[in-house]
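Subject: Structure handover

Hello,

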Amino acid sequence: MKLISFVVPAYNSEKYLNTCIDSLLFDLDKIEIIIVNDGSKDNTIKIAEAYKHMYPNTVKVINKLNGGHGSGINAGLEMATGLYFKVVDSDDWMDVENTKYLVNKISQLKDLEQSPDVFISDFIYEHVEDQTHFIRSYKDYFIHEQITTWNDSLKKFRLSATLLMHALTYKTQVLRTCGLQLPEHTFYVDNIFAYQPLAHTTYIYYIPKVMYHYYIGRADQSVQMHHIVNRYDQQIRVMRHIMYAYNYKQLSHMPKGLKQYMFHNLAIIMVVTQMFTTAKDTKERRDALASLWKDLKSYDRKMYYYLKYRSYNSMINFLPFKAKGFVTTKSYLYLTTKVKLG
């Protein structure tokens, strides 16, 4: 068994794929790299097949019709044989030395029969337009370099802090046990990846090192504000998936630290969903947001009241629709500017 499967969903990635894959080509007997060509129209598949030819015992290639980022992760998960599973987007890359450290740590703990359910590590935003960067560190929230549980000194997360996909390396079996199946043709499914499987983790290992380099700032990226505004319906789709994953009662019975974090994360994703939707004022958007709240109230009244009146959302829910859009988008731009300047 390989120790880790690096899954690389790739769509029209000929400009970036070499940098990504080259950052993963180490300890070839311990890792596998699964490149998922998601119906690319450029030379992505040729580049992927070349790596497979050069490293036949390490690199696997899935060539499929376009289904979106989630579809690529689903396909990679189905093929993965590694003990652990890490998603690396094709325009991002890994720090080689620190990722070697992760793989060696996996090996050491496996030999001791102490493999945690999830490794958490830091990552770095790489802003391409002005060459600035910002490290997202979790050193204030977790015990360093120890196997711990969710109840071991987990500190309350600050408002803007959540565990993103880039920070997470799950045990592959955790993803399969939780029944992870990401929606196709949908952006922002990384929110699901960073939420649903966590409920099936008990043992955590935090490594205070930057593993992942998150390349941000391209005009076509889904996190650009104009895309966020236009793709509100896809964020609503993601929010529905998340709010149906676990009800209020299930979250309430999770271990204290996990419960605290899951409620925090859920509330943040709802704030983001409201921002996506209220960024423009149209009848369609008003109806979509009203329908989301109505469906949540029908499905889980306790969750509805928590999100509506007791979470961070309570700070904006009293605002008119247009004002809500103004406040949330300005807050988003302020926070992302802080990240950029950091």
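**Helix packing and a pocket**

Helices α10 and α12 are roughly perpendicular to each other (angles under 35 degrees count as roughly parallel, over 145 as roughly antiparallel, 65 to 115 as roughly perpendicular and the rest as oblique). This is a predicted model, in which local features need pLDDT of at least 70 and side-chain atom pairs count only at pLDDT 80 or more, while totals for chains, interfaces and linings use all residues. Residues are numbered from 1 along each chain as its sequence is written, and side-chain values use heavy atoms, with hydrogens and water left out.

The axes of α10 (residues 256-278) and α12 (residues 301-310) cross at roughly 65 degrees and come within 10 Å. Helices are DSSP runs of H or I with at least four residues, numbered from the N terminus; axes are lines fitted to C-alpha atoms over the stretch in contact, and angles run from 0 to 180 degrees between N-to-C directions. The crossing is right-handed (the near helix is turned clockwise from the far one by less than a right angle; anticlockwise is left-handed). F263, H264, L266, A267 and M270 of α10 make the contact with M303, Y306 and L307 of α12, contact meaning heavy atoms within 4.5 Å. By class, seven of these residues are nonpolar, one is polar and none is charged (Ala, Val, Leu, Ile, Met, Phe, Trp, Tyr, Cys and Pro count as nonpolar, Asp, Glu, Lys and Arg as charged, and the others, Gly among them, as polar).

On α10 there is also a contact with α8 (residues 232-245), at an angle of about 155 degrees and with the axes 9 Å apart. That makes α8 roughly antiparallel to α10. The crossing of this pair is left-handed. Residues in the contact include I236, M239 and M243 of α8 and I269, V272 and F276 of α10. The contact has ten nonpolar, three polar and no charged residues.

Helix α11 (residues 283-299) packs on α12 at about 135 degrees, the axes being 5 Å apart, which makes α11 oblique to α12. W293, L296, K297 and Y299 in α11 meet α12 residues, among them R301, Y304 and K308.

The second largest pocket holds about 160 Å³ of space. A pocket is an open set of points on a 1 Å grid over the protein atoms alone, where a 1.4 Å probe fits, with protein on both sides within 12 Å along at least five of seven lines; lining residues have an atom within 4 Å of a point. The volume is the space filled by probe spheres set on the points, which are joined across faces, edges and corners. α10 gives the most to the lining, with four residues.

Regards

Notes. Helix = DSSP H or I, 4+ residues; strand = E, 2+ residues; numbered from the N terminus.
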